[in-house]
Amino acid sequence: MLYPSTRVVIDCTEIKTERPSSLALGSKCYSSYKSSHTWKGLVGIAPHGALTFVSSLYTGSMSDVEITKLCGLIDLLESGDSIMADKGFVLNKVLDGTGITVNTPSFLMSHGQFSRQEVEETQTIAKLRIHRVKEYHLFDNIIPLSMVGTINQLWTVANMLTLFKGPLVKDWHQAV
């Protein structure tokens, strides 16, 4: 195992929504990364590839770090556990005093030429960071604001459906 203390691999994803008529809500929903109005959620995947955590959706302007802080994931982890995340998840302050650490594999730090080991590591871990919920194409279209009351339930169910697709990694002993 490359990262034996890794409990969860996390990443955020965004789904597009209509532009709110309210300027205040429009500002909160606007994602500069996507250059559109979005809802944003965090997904946690176990090292062997199974979905283990789905956050509620948040407004698109929230940072990945803020969502990680608010979503409740950290409360589920124990001292000695490690979270694997990309370089955008600067969680040092959030995790201070918890005994939980963050692994950011060297390939996610993009420092030029990869070694052979980094290439293999990239291929194994990249499989875990795929947002499998997007494979169902349920969120390909812009989500109407009329669905605000039910979008969290749809988001959660769509993510849970990924559990029926089988593991992302065939030999989970080789994974993270």
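**Entry 1: β3 and β4.** I looked up the pairing of β3 with strand β4 (residues 51-54) and found an antiparallel arrangement over three bridges. Two strands count as paired if DSSP finds at least two bridges between them. Helices (H or I, at least four residues) and strands (E, at least two) are DSSP runs, numbered from the N terminus. I noted Leu-51 in β4 as the bridge partner of Ile-45. The two strands form a hairpin with five residues between them, and Gly-49 in this turn has a positive phi of about 110°.

**Entry 2: basis of the values.** I recorded that this is a predicted model, in which local features need pLDDT of at least 70 and side-chain atom pairs count only at pLDDT 80 or more, while totals for chains, interfaces and linings use all residues. Residues are numbered from 1 along each chain as its sequence is written, and side-chain values use heavy atoms, with hydrogens and water left out.

**Entry 3: other partners of β3.** I next examined strand β1 (residues 6-16), which pairs with β3 in the antiparallel sense over eight bridges. Here Cys-12 has Leu-42 of β3 as its bridge partner. Strand β2 (residues 30-31) also runs antiparallel to β3, joined by two bridges, and Tyr-30 stands opposite His-37. β2 and β3 form a hairpin with four residues between them, where Ser-35 in the turn has a positive phi of about 55°. Strand β5 (residues 58-59) is antiparallel to β3 over two bridges, with Tyr-58 opposite Lys-40.

**Entry 4: burial of β3.** I checked how far β3 (residues 36-45) is covered and found 10 of its 10 residues buried. Buried means under 20% relative accessible area, exposed over 50%, and partly exposed in between (1.4 Å probe, protein chains only). Both faces are covered: one side includes Lys-40 and Leu-42, and the other includes Trp-39 and Val-43.

**Entry 5: nonpolar cores.** I then looked up the largest nonpolar core, which has 19 residues; Ile-10, Leu-42 and Ile-83 are among those with the most contacts inside it. Such a core is a set of buried Ala, Val, Leu, Ile, Met, Phe, Trp, Tyr and Cys residues joined through side-chain atoms within 4.5 Å. β1, α2 (64-70) and α3 (73-76) each supply at least two residues of this core, and the largest share, three residues, comes from β1. A second, separate core of 14 residues includes Ile-15, Val-133, Phe-139 and Ile-151.

**Entry 6: Ile-83.** Not counting residues up to four places away in sequence, I found that Ile-83 touches several residues, including Val-8, Ile-10, Leu-91 and Ile-100. Contact means heavy atoms within 4.5 Å.
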